[in-house]
Amino acid sequence: MKYYEVYPYKISRGHSATGMSVLTLYEPTTHQNIPILIGPHEADMITIEQEGHKTRRPMTHELICTIFNECGLQMKDATIDRLEDGIFYATLYLDDGLSVKHIDARASDVIILAMRMGVDIHLSQAILDEAGYPSDFETLTDPEEEEAPTLEELEEMLHQAEEAEEYERAAEIMEQIKKYKQ
């Protein structure tokens, strides 16, 4: 099965009587958005990670990451594998030094842990086909421009996008930085 790297970039809060939020993931290769319904606590945790805030005491996801580190577990991958009846199913891949364990988890938890641990988030082609919709996000550079931005310019653009909380733009810039470094 083919997987695409995705980036969490936008949270729309309070979309139901239960206070659920919509996390929109962005896939820069196909320029598609993927909406995922998440709880208010998970929305808060993703926002904390995106904005780089530190809490006074460890939150649940921070505690889990500390446990992974203290127990010698390395998070290898985070995938959102399938969508059934409106529910996203995800998998954490943890390496204990002897084997890689596959742990079933909620997509929101996988996303938060991946962000916290600096691991890429991957989404299956099947979900992209079923739930993805075209993004109105435009590419950063004009293909007819003679000169592409330098790495330093891209990093400054990324900083500005993050400061302005333009996470879709930040995801696109991150993808360009990644290509630049290859």
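Helices (H or I, at least four residues) and strands (E, at least two) are DSSP runs, numbered from the N terminus. With that in hand, here's a quick tour of a predicted model, where local features need pLDDT of at least 70, side-chain atom pairs count only at pLDDT 80 or more, and totals for chains, interfaces and linings use all residues. Residues are numbered from 1 along each chain as its sequence is written, and side-chain values use heavy atoms, with hydrogens and water left out. The protein chain has six helices and eight strands, and along the sequence they come as β-β-β-α-α-β-β-β-α-β-α-β-α-α.

**The sheet**

- The eight strands make an open, mixed sheet in the order β6-β5-β4-β7-β1-β2-β3-β8; two strands count as paired if DSSP finds at least two bridges between them.
- At the edges sit β6 (100-106) and β8 (133-134), each of which pairs on one side only.
- Strands β1 (residues 3-12) and β2 (residues 21-27) run antiparallel and are joined by five bridges; Lys 10, for one, has Thr 24 in β2 as its bridge partner.
- Helix α1 (residues 40-51) packs on the sheet and touches β1, β2, β3 (32-38) and β6, where contact means heavy atoms within 4.5 Å.
- The direction of α1 makes about 105° with that of β1; axes here are lines fitted to C-alpha atoms, for helices over the stretch in contact, and angles run from 0 to 180 degrees between N-to-C directions.

**Inside and outside**

- Of the chain's 182 residues, 44% count as buried (under 20% relative accessible area, with exposed meaning over 50% and partly exposed in between, using a 1.4 Å probe and protein chains only).
- Helix α3 (residues 107-117) is mostly covered, with eight of its 11 residues buried, including Val 110, Ile 111 and Leu 113.

**Two loop residues to look up**

- Most residues other than glycine have a negative phi.
- His 31, in the loop between β2 and β3, has a positive phi of about 55° although it is not a glycine.
- Asp 85, in the loop between β4 (74-84) and β5 (87-95), also has a positive phi of about 55°.
- His 31 counts as partly exposed because its relative accessibility is 25%, while Asp 85 is exposed, at 82%.

**Salt bridges**

- The count comes to seven salt bridges, each a side-chain nitrogen of Lys or Arg within 4 Å of a carboxyl oxygen of Asp or Glu.
- Asp 44 pairs with Arg 13, the closest N and O atoms being 2.9 Å apart; this links helix α1 to the loop between β1 and β2, 31 residues apart.
- Glu 49 and Arg 116 meet at 3.1 Å, N to O, joining helix α1 to helix α3 across 67 residues.
- Arg 82 and Glu 84 form another salt bridge (2.7 Å, N to O).
- Glu 42, Arg 106 and Asp 109 are linked in a network of salt bridges.
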